[in-house]
Amino acid sequence: MVRSSAIAAALAIAGCRDKAPAPAAPPPAPAPAPQAAPQRSDAACEAPLDAPGAREKLRPAQGQVRIGVMAGLKEAAAENVAHLRKLVAELKRRGAEVLVADGDLGDNPDEQETLLGTLTESGLPVLAAAGNREVRSELDAAEGELRKKGAKILDLSHTRVVDLGDAVVVGLPGAFERRQLHSDGACIYVQKDIDALVSALERMSAPAVIVAAVPPRGQDGKALDVSEGQNVGDPRLQALLRRAPFGIFAQVWESGGRAVDAKGAPVRPGVESDSLYLNPGAADRTPWPMSDGKTVAGQAALLTIRGRRASWEPVRLEEN
């Protein structure tokens, strides 16, 4: 077990595959500030918002849109794939029109093709956001193979803005500190990427949904980024939240299956809110100890946006 609180904070957001240890009894020190990052990110990780293909419209406005949200697909063993397939079917049964896959999409191209294929075989469009594990070139190859089979899959590293008519999804994939990366060739975003999104959000008329693989830095134990008693998210993302009323964040699995509003107050399932930021939790079937003391195996969420308000509901299988 890692004993340094600084290292623990970095690894917590990294989305480890193994079962997380129980929180230590003494309260740890506050999480460290983000490390200095380079001034430019790789365009393969965060395409310029004005690049060809960086924006795509999927559907016209219809009064509301339902987004199926999954994260932490993790590994392609047969039992887990069967479990994920059931989660996707349940999301579709509840009316999901598009799926978001947010981080931990598999550790190699074969896993990624299998796991994302489990989502695309539903026939729904899939918006994929890389986390801290996915080697950019490998994920591109896996997605390319799925497209050859007719899958509709948009990667938010390349198609940064996806217009769903009733909402606009805006992607910020990757980790926010180099020490979080689990693979050479995985992505990191930098301050200039956040600044570019802030400017883009100011020009959008439809409600924006930020999709990032890591959450914003919270203030207390009810936030989306609590791990071992610490808030471990990226404080710089608050600038985006001031301009985007909705968001999907992942990779702090202990804080999954919850949503908060712009003030950090919990948003209960089924309750509409003017602002709603969601951590769906890990979808893979491995039991995960949550920050509230519960253990959950495999969860997803349904995000419904109607006008300028949104609501959410957790999606878990009865067998869990």
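## Ser 255, tucked away

Ser 255 counts as buried because its relative accessibility is 0% (buried means under 20% relative accessible area, exposed over 50%, and partly exposed in between, using a 1.4 Å probe and protein chains only). You'll find Ser 255 in the loop that links β11 (246-249) to β12 (258-260). Strands here are DSSP runs of E with at least two residues, helices are runs of H or I with at least four, and both are numbered from the N terminus.

Leaving aside residues up to four places away in sequence, Ser 255 touches Ala 223, Leu 224, Asp 225, Val 226, Asn 279, Met 290 and Ser 291. A contact means heavy atoms within 4.5 Å.

## About the model

This is a predicted model, where local features need pLDDT of at least 70 and side-chain atom pairs count only at pLDDT 80 or more, while totals for chains, interfaces and linings use all residues. Residues are numbered from 1 along each chain as its sequence is written, and side-chain values use heavy atoms, with hydrogens and water left out.

## Glu 313 and its partners

Over in strand β17 (residues 309-316) sits Glu 313. Glu 313 is partly exposed, with a relative accessible area of 30%. Not counting residues up to four places away in sequence, Glu 313 touches Arg 94, Pro 269, Ala 300, Ala 301 and Leu 302.

Gly 270 is 43 residues from Glu 313 in sequence, yet their C-alpha atoms are 6.0 Å apart.

## The whole chain

Zooming out, the chain has six helices and 17 strands. Of its 320 residues, 57% are buried. Among contacts with a separation of 6 or more, 75% join residues 24 or more positions apart.
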